[in-house]
2 protein chains.
Amino acid sequence: MSGKPASRGVPEGESPLPVDDRSVAARLFAIADAFAKPSPASALSLSAIAERAGLPLSTTHRLVAEWVAWGGLTRLDDGRYSLGMRLWELGVQTPTARNLRTIALPYLEDLYESSREHVHLAILDGHDALYLEKLSGHSAVHIISRVGGRLPLHSTGVGLVLLAFAPTDVIQSYLATSLQRFLPQTVTSPEELRKRLAGIRAQGVALMSEEMTSGSSSVAAPIRDRTGQVVAAVSTVTRTADRPSPEQEHAVRLAAHGISRALGYRRAGA
Amino acid sequence: MSGKPASRGVPEGESPLPVDDRSVAARLFAIADAFAKPSPASALSLSAIAERAGLPLSTTHRLVAEWVAWGGLTRLDDGRYSLGMRLWELGVQTPTARNLRTIALPYLEDLYESSREHVHLAILDGHDALYLEKLSGHSAVHIISRVGGRLPLHSTGVGLVLLAFAPTDVIQSYLATSLQRFLPQTVTSPEELRKRLAGIRAQGVALMSEEMTSGSSSVAAPIRDRTGQVVAAVSTVTRTADRPSPEQEHAVRLAAHGISRALGYRRAGA
């Protein structure tokens with residue numbers, strides 16, 4: 001621990017500023033972020049929050065009390081803290097998430113009924129696929145996605161669709177990063193990925209197999225808004241053994257078209 | 001406007017404290033709360049935020065900028081502000097909401113498939129039913145519930161169940177409040193409501209018709225945790241014309257039992 005800058009109150013690898021340069025608001029937000037970074041935590045002790053937020057224990061104690069008073073954090077029986085319901089209440093009211101989810105949900109349910117496997121709705125946020133919704137049956141294949149979670153663009157069905165239809169500069173900057181290989185079949189070569197994205201744009205669908213989680217395959221299709229811009233992607237994830245059938249691909253396309261229409265999209269000539 | 005205390009920086013009817021007694025954290029949280037109170041707003045101007053939060057415009061301007069920098073608020077093209085995706089991301093990570101929802105979702109989907117009407121999952125929060133999940137078909141009856149929304153306990157199916165199984169002091173204090181009559185059939189007499197709650201406890205199910213929204217009826221049942229305590233309620237809402245059938249009531253009970261079992265509940269003798 002001695003070599004770490006934490007004793008000077010500097011968050012590890014996050015901010016080069018000494019803690020005193022951060023505003024009260026920034027320190028308060030750093031406390032909430034402690035539950036998301038470096039990895040999601042459902043409960044943290046006061047000292048773990050202090051370390052993750054790069055704050056002295058006394059400051060953390062005082063600011064955590066403010067969060068608790070508001071309801072954004074909850075103190076558990078064991079003395080640790082978790083994110084509180086007030087945060088959830090405000091969060092679900094966020095217009096982007098709420099509107100898109102509300103409009104998409106009946107279509108996602110139809111898709112779920114036809115597949116009985118995982119159904120995903122995701123948007124592009126930075127260099128990640130951010131999962132807005134996930135419907136799962138009792139016996140669906142085990143995968144790591146979760147509502148509010150993020151997964152890479154190059155190794156997930158929804159991610160490939162979102163990347164394929166992203167602005168050119170986003171594609172360039174994403175391909176310039178070091179792409180992680182999760183499984184032997186994960187495509188990490190920028191050249192190969194570029195060709196794949198062109199194929200997805202031409203086909204209007206992404207097929208993915210054994211590239212993120214062993215044993216799972218995915219079909220994903222783009223959702224467009226009134227202006228024709230791709231704003232989200234929908235997918236089903238099935239066991240690789242039950243490799244997506246043409247019917248499954250058709251069902252995903254239909255769901256994507258339905259949601260796009262509900263968002264005001266009209267295909268040229270349609 | 002002249003008679004209002006807002007000019008002294010005191011939020012209307014909310015806090016008797018002058019604004020200067022509030023900490024920076026409390027003022028920051030008042031800005032987020034502006035999007036929920038007095039009524040949910042998807043977008044607000046700076047001056048509307050200032051008025052709702054009971055803060056001077058200059059303070060509001062500075063603190064809104066801190067929210068935007070963090071991602072908890074987003075500045076829209078028209079200059080107004082809305083709640084941001086960062087808030088949504090943290091909110092959906094809230095353990096209570098996330099765990100209960102994750103466990104319940106497959107059962108809610110089964111229930112949705114059997115009914116094709118609205119399916120609700122709600123918890124008791126203060127004197128309200130707080131809606132954690134809502135699944136709706138394309139053609140379900142129009143009702144006012146929404147995920148993250150709150151509705152009264154005495155006029156909704158899930159609310160009646162949550163109230164019936166609430167601690168005695170919660171029931172007492174709720175019945176001591178003035179109960180709003182939404183429709184002619186809404187039960188607002190404490191004495192009558194007390195009898196109804198006893199019936200719900202005895203039957204293990206609440207039936208509600210034309211008490212909140214014209215044209216809709218509801219069947220709700222309690223969800224218990226490992227300790228046997230009622231922690232949530234599940235319901236379907238159907239058109240009153242298609243008044244809940246015995247099959248529908250059975251399906252809601254089954255879903256509630258399934259979720260309770262998944263939470264670790266074992267009925268005595270089961």
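Guide: Two strands are said to pair if DSSP finds at least two bridges between them. Strands themselves are DSSP runs of E of at least two residues, and helices are runs of H or I of at least four, both numbered from the N terminus. The model under discussion is predicted, with local features requiring pLDDT of at least 70 and side-chain atom pairs pLDDT 80 or more, while totals for chains, interfaces and linings use all residues. Residues are numbered from 1 along each chain as its sequence is written, and chains are lettered from A and ligands numbered from 1 in the order in which they are written.

Visitor: In what order do the strands of the open sheet in chain B follow one another?

Guide: The order in chain B is S5-S4-S3-S8-S7-S6, a set of 6 strands with antiparallel pairing. Strand S5 (150-152) and S6 of chain B form the edges, each pairing on one side only. On average, neighbouring strands of this sheet are turned by 30° against each other, direction ignored; the axes behind such angles are lines fitted to C-alpha atoms, for helices over the stretch in contact, and angles run from 0 to 180 degrees between N-to-C directions.

Visitor: Over how many bridges do S6(B) and S7(B) pair?

Guide: S6(B) and S7(B) are joined in the antiparallel sense over 4 bridges. Within this pair, Ser209(B) stands opposite Ser217(B).

Visitor: Which strands does helix H5 of chain B touch as it packs on the sheet?

Guide: Contact here is defined by C-beta atoms, placed from the backbone, that lie within 7 Å. Helix H5 (residues 95-115) of chain B touches strand S3 (118-125), strand S4 (128-135) and strand S8 (230-239) of chain B, and the direction of H5 makes about 60° with that of S4(B).

Visitor: What rotation superposes chain A on chain B?

Guide: Copies are superposed by least squares on the C-alpha atoms of residues with pLDDT of at least 70 in both. Here the rotation is 180°, with 0.1 Å of shift along its axis and an RMSD of 0.1 Å. This is the relation of a two-fold axis. Gly91(A) has the C-alpha nearest the axis in chain A, 2.4 Å from it.

Visitor: How many residues of chain A are in contact with chain B, and which elements supply them?

Guide: 41 residues of chain A contact 41 residues of chain B. Elements of chain A that each supply at least two residues include helix H1 (24-33), helix H3 (57-70) and helix H4 (85-91). H5(A) gives the largest share, 8 residues. Because 100% of the interface residues of chain A are also interface residues in chain B, the copies meet through the same surface.

Visitor: Is Glu210(A) buried or partly exposed?

Guide: A residue is buried if 20 or more other C-beta atoms, placed from the backbone, lie within 10 Å of its own, exposed if 12 or fewer, and partly exposed in between. Glu210(A) has 15 such atoms within 10 Å, so it is partly exposed. Of the 270 residues of chain A, 45% count as buried.

Notes. Contact = placed C-beta atoms within 7 Å.
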